[in-house]
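Biologist: Please give me a close look at a single part of this model. I would like to know how the strands pair there and what surrounds them.

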Amino acid sequence: MLDLLFHNVKSIHFINNVDIGIEGGIITYIKDTGSPMPPAKHVVEADGRVVLPGFNESHIHLEKAYLLQKMEKEATSLQEAIQITADLKKTFTKEDITERATRVLGKCIQSGVTNLRCHVEVDDILQLKAMESILELKEKFANLITLQIVTFPQEGIFIQQHAAELMEESLKMGADAVGGIPYNDRDSSEHLDYVFHLAERYNKPIDLHIDLSDDPDDLSILDIIDRTKKYHMEGKVSVAHMTSLGSVEHHKARKIAAKIADAGINVMALPATDLYLNGRGDFEKIRRGLTPVSILLEERANVIFATNNIQNPFTPFGTGNILDVAYLFAEVTRMGTKEDANTIIDMLTYRSAKALNLTSYGFKIGGTADLVMFDAKNLRDVLLTQPHVVCSYKNGRKVI
Ligand SMILES: [Zn+2]
């Protein structure tokens, strides 16, 4: 006897509508709608509406969300954003971090996110304050949303006194991935060497902030491709921003994109931040400042998008609803066809699950029973109409 049966579901990667059955938090039954229904303790009638295995928010900063009211001046460049945030961080308390992070998680859950990867800052200012707070939230919210925590040296590793040891300590505490930011340290190669060594020692994936500029010579991605191969970490490395590649000559960018795909490196575009901070030196032909998504897609790299920041010096926008970012991403990448809408929904689900190494994600026998039903009858409407979540289940248990 099934615990739960979703009847007449429209979903991505299924041609026909299907029925999906759950037992003990796992998907154990999938058949086309119209097949004889197996017995179930509870039936959810989808009536042809879209049901997805939950959105993945693949890159977000919880502890520095909602800072606008604390700011005395506005940031107009990446360096100013880093500086203003570093100053504000001195005032953060654990309670304050927990309160703002909880608000973000609430918004994410309401918009249909069931997995979330957050970058949590460790440095001489915060030390392990944010790490402790977010680890507690990971535990507290486990029945509603799965958190992956990246230990993130936003202020650099070698230009800080304790960042290296704090990163290691946070992995011992339970961080899930090793972060990095080679453009904010004394030497990019040295920074990357440390990150790759650390990831190897703790057997963790890597998730880096890189090449956030319009300068076509900012290509730490080339060093990252080499190291990914050298350390045999294909599929375990993600890079965010990489906007400089968008300013590289087309044929050269295409070759790099092919190498990214070959190394299995996941690329995360962060449109709200990338559009806001880049292109500011252009007075004509003003660049959008995004990574070249179409070239990456054509070369079959796993390229996705995420929120990054909510209302802080880096990005004074953001609602916490990932579908708002999806809409922005669709417009700025000119992904306007019906097929593009499917690709965007795939990025929010299966493609981002691949980046987050979520092996039991998705509608398959043995898959984790995360299911979110939207008030929409087709995938394009999920993107275009911002439908509300009718109901959602995490590990087979009702969330909304
Ligand atoms: Zn970020």
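Modeller: Two strands are taken to pair if DSSP finds at least two bridges between them. Helices (H or I, at least four residues) and strands (E, at least two) are DSSP runs, numbered from the N terminus. The model is predicted, and its local features need pLDDT of at least 70, side-chain atom pairs count only at pLDDT 80 or more, while totals for chains, interfaces and linings use all residues. Residues are numbered from 1 along each chain as its sequence is written, and side-chain values use heavy atoms, with hydrogens and water left out.

The part in question is residues 43-399, where UniProt, in an unreviewed entry, places the feature "domain: Amidohydrolase". UniProt positions follow the numbering used here, feature names are shortened, and annotations may be inferred rather than shown by experiment.

I start with strand S10, residues 206-210. Five of its five residues are buried, where buried means under 20% relative accessible area, exposed over 50%, and partly exposed in between (1.4 Å probe, protein chains only). The cover is on both faces: Ile206, Leu208 and Ile210 are buried on one side, and Asp207 and His209 on the other. S10 runs parallel to strand S9 (residues 177-180), with three bridges joining them; Leu208 is the bridge partner of Gly180. S10 also pairs in the parallel sense with strand S11 (residues 237-241), over five bridges, and there Ile206 has Val237 as its bridge partner.

An open sheet of four strands has the order S5-S14-S15-S16, with antiparallel pairing. Its edge strands are S5 (51-52) and S16 (397-398), each of which pairs on one side only. Strand S14 (residues 371-374) is joined to strand S15 (residues 389-394) by four bridges, and the two run antiparallel. Opposite Met373 stands Cys391, in S15.

That cysteine leads to the question of disulfides, a disulfide being a pair of cysteine sulfur atoms within 2.5 Å. A search of the whole structure finds zero of them. Cys108 is in no disulfide, as the nearest cysteine sulfur, that of Cys118, is 9.8 Å away. The sulfur of Cys391 is too far from any other for a bond, because the closest cysteine sulfur, in Cys108, is 19 Å away. Cys108 is buried, with a relative accessible area of 1%, and Cys391 is buried at 6%.

Next, the rings. Rings of Phe, Tyr and Trp (its six-membered ring) pair if their centres lie within 6.5 Å; planes under 30 degrees apart count as stacked, over 60 as edge-to-face and the rest as tilted. The structure holds seven such aromatic pairs. In one of them, the ring centres of Phe305 and Phe329 are 4.5 Å apart and the planes are at 25°, so the pair is stacked. Phe305 belongs to strand S13 (residues 303-305) and Phe329 to helix H10 (residues 322-332), so the pair ties together parts that are 24 residues apart in sequence. Phe305 is buried, with a relative accessible area of 1%, and Phe329 is buried at 0%.

Arg103 lies over the face of Tyr66, 4.3 Å from the ring centre. The charged end of Arg280 sits over the ring of Tyr276, at 4.6 Å from its centre.

Asn308, in the loop between S13 and H10, has a positive phi of about 70° although it is not a glycine, and it is buried, with a relative accessible area of 2%. Gln127, in the loop between strand S7 (113-121) and H3, is likewise not a glycine and has a positive phi of about 55°; Gln127 is partly exposed, with a relative accessible area of 38%. Ile145 is in the loop between helix H3 (129-140) and strand S8 (146-152), and it is buried at 0%.

Terms used. A charge sits over a ring if NZ of Lys or CZ of Arg is within 6 Å of the ring centre and within 35 degrees of the ring normal.
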